[in-house]
Amino acid sequence: MRVVLDSNVLISALLSPHGVADTIYRAWQKDHFDLVTSAIQLDELRRASRYPKFRDVLQPHRVGAMINNMQRSIVLDTLPALPEGVGAEDPNDEFLLAMAWASDADYLVTGDHRAGLLQRGNLGRTRIVAPAAFCAQAL
């Protein structure tokens, strides 16, 4: 099973080590699914981890360890253009859809209700779900 995790899910795993997002991250580490990421997402994680609101709560070595671990997953160097009419309300999240599309992912897991990804429900065969729903359906 191939899964794209939104960056907000990955950061949540670092912020709340016993929450649903951390459960998902640990399931990937135990090879319960194949994680799909991209150079764009890895750069976003590096950048987001330095935001002032996270500076005092995210330990740089844990962020670095996560990024290093993710580099051993399925890393897409380039992303295709999305089909006509497919997009996110937040253009900064369109790379997540492109990752799901390019990898033919089974799931895109996101906690972001603003970008319209959850409201979309799916992209082709990729189911777009919240973290709790992913745990209930796939783990």
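Author: Helix H1 (residues 7-15) and helix H5 (residues 60-70) pack at an angle of about 135°, and their axes are 11 Å apart. Helices here (H or I, at least four residues) are DSSP runs, just as strands (E, at least two) are, and they're numbered from the N terminus. The axes are lines fitted to C-alpha atoms, for helices over the stretch in contact, with angles running from 0 to 180 degrees between N-to-C directions. H1 and H5 are therefore oblique to each other; angles under 35 degrees count as roughly parallel, over 145 as roughly antiparallel, 65 to 115 as roughly perpendicular, and the rest as oblique.

Before going on: this is a predicted model, so local features need pLDDT of at least 70 and side-chain atom pairs count only at pLDDT 80 or more, while totals for chains, interfaces and linings use all residues. Residues are numbered from 1 along each chain as its sequence is written, and side-chain values use heavy atoms, with hydrogens and water left out.

Back to the pair: H1 passes H5 in a right-handed crossing. A crossing is left-handed if the near helix is turned anticlockwise from the far one by less than a right angle, and right-handed if clockwise. On the H1 side, Leu10, Ala13 and Leu14 make the contact, and on the H5 side it's Arg62, Val63, Met66 and Met70 (contact means heavy atoms within 4.5 Å). Sorted by class, the residues of this contact are six nonpolar, no polar and one charged. Ala, Val, Leu, Ile, Met, Phe, Trp, Tyr, Cys and Pro count as nonpolar, Asp, Glu, Lys and Arg as charged, and the others, Gly among them, as polar.

Now for the gaps. The structure holds one cavity of 30 Å³ or more, and the largest cavity has a volume of about 30 Å³. On a 1 Å grid over the protein atoms alone, a cavity is a set of points where a 1.4 Å probe fits but cannot get out; a pocket is an open set with protein on both sides within 12 Å along at least five of seven lines, and lining residues have an atom within 4 Å of a point. Grid points are joined across faces, edges and corners, and a volume is the space filled by probe spheres set on the points.

Leu14, Val63 and Met66 turn up again here: they're among the residues lining the largest cavity, and so are Ile11, Leu45, Ser49, Leu58 and Ile67. H1 and H5 each supply at least two residues of that lining, with H5 giving the most, three residues. The cavity lining has seven nonpolar, one polar and no charged residues.

The elements giving two or more residues to the pocket lining are H1, H3 and helix H4 (52-55). By class, the pocket lining has five nonpolar, five polar and seven charged residues.

Finally, follow H3 (residues 39-48) to helix H6 (residues 94-103): their axes come within 10 Å and cross at roughly 145°. This crossing is left-handed. Glu44 is in the contact, together with Ile40 and Gln41 of H3 and Phe95, Leu96 and Met99 of H6.
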